[in-house]
Amino acid sequence: MLEGRRVVLGVSGGIAAYKAIEVCRLLVDAGAVVRPVLTEAALRFVTATTFSALASEAARTSLWDGPEPSPHTTLGREADLVVVAPATARLLAAYAVGLSDDLLVATLLATRAPVVVCPAMHTEMWEQPAVQANVATLRQRGVHVVGPAAGPLAGGDVGPGRLVEPAEIVAACASVLGGAGTGALAGLRVLVTAGGTREPLDPVRFLGNRSSGKQGHALADEAAARGARVTLITTAERPVAPGVEVVNVDTAAEMEQAVLAHSDAADVVLMAAAVADFRPRVVAPSKLRRAEGLPEVVLEPTPDILAAVTARRRPGQTLVGFAAEWGDPRPGAAEKLRAKGLDLVVANDVSAPGAGFEHDTNAVTVLSTSGIDLNGGLDDKRAIARAVLDAVLVHRSSS
Ligand code: PMT
């Protein structure tokens, strides 16, 4: 995917700039023609000479000092892809508001090529609403945001903000360049469910759960980035990658109906939604009033959507369930794999710090009938999505 492709590698000024050296080397190894662009702050962490030597191409560092009259437009126009690793809070802000105060941001603004940004910064900075708003703006404009991962940070801190590993950045570049139809999931239809269902008690109240849809949406985005045709059935109002077909639902019954309408055509079904197991048997037609006394709420089971999908599975279909477990997820996951007739089960211990519902990060154990047994650490949900889809691909190639 990268052979002969012209990739502008932007490096902004954070300690993770040292990892950009490895990104440069891996891109070159993959056959890309790499054009490094370093900001002034990046030069405080790494040298232009290192990138020039690895890329066999002069690293650019300034809008003004090179021989070209308009380096940003040349770089932007000729690029097949621009990747920025690391992308600092300043770089993301400047790009989001269109402030072309250095060669790298000017190049980002001057290109029509796809752009991948890989944020890296301290957790406090990453979680700042200003930074999150800039990232959301860039995502909405179609910029691919890869990471950050969670883990050890400079200075001994631990948390989200770590630059994703160089190999993952290069894989993301390849996947983005692959585009729909040519990635690792090209030709496959992927159905993803996300979010928590809401089971009404009366017209204004419901029984629900804390699922934000982040994990399911990350799966949908990653599957789309790998070339799949993706349908996402979700209760969450979150942005999704362009090209993903979105079906919004609210209750378990609506989700079941939507899933069964799409599952026959799907090659891979990923059930990341937290579907309610019970719902009120009777839904009051008008708002229940305190003055009328305590309502008697009788619960009934919701439809088991996965069981319905399994019952009508066709050969070649890969069914992946999730398991939200409290404590060691393995026993429950193994039981769900067997009882629900799944190919893979992705289990998360939702009692663990930073994992499961609502967090940007997760930690999963993947069990499969073909013997894949992945026990990953805490990582951002997009990285978890990558690991899950890798496991799906391994399973499909071994069965
Ligand atoms: O959305 P986030 O905030 O990012 O959080 C992600 C998550 C924690 C919700 C996700 O990672 C997760 O664990 N999803 C599954 C939650 C769940 O409902 O687990 P369960 O063990 O209760 O259900 C097992 C499987 O059966 C799930 O695939 C579920 O979608 C499915 N199910 C459950 C009930 C039901 N009536 N029908 C179903 O198909």
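The model is predicted, so local features are given only at pLDDT of at least 70 and side-chain atom pairs only at pLDDT 80 or more, while totals for chains, interfaces and linings use all residues. Residues are numbered from 1 along each chain as its sequence is written, and side-chain values use heavy atoms, with hydrogens and water left out.

**Exercise 1.** Describe the residues around the ligand and its contacts with the backbone.

Step 1. Polar contacts here are pairs of N or O atoms within 3.5 Å. Ligand oxygen atoms lie 2.7 Å from a backbone N or O atom of A273, 2.8 Å from a polar backbone atom of Q215 and 3.2 Å from one of A324.

Step 2. The protein buries 95% of the 780 Å² that the ligand exposes when taken alone, with areas from the Shrake-Rupley method and a 1.4 Å probe.

**Exercise 2.** Locate S212 and decide whether its side chain is buried or exposed.

Step 1. S212 belongs to the loop between strand 10 (205-207) and helix 9, where strands are DSSP runs of E with at least two residues and helices runs of H or I with at least four.

Step 2. The relative accessible area of S212 is 18%, and because buried means under 20% (exposed is over 50%, partly exposed in between, with a 1.4 Å probe and protein chains only), S212 is buried.

Step 3. A polar atom of the S212 side chain lies 3.2 Å from the backbone nitrogen of K214.

Conventions:
Polar contact = N/O pair within 3.5 Å; in protein donor to acceptor, adjacent residues only side chain to side chain.
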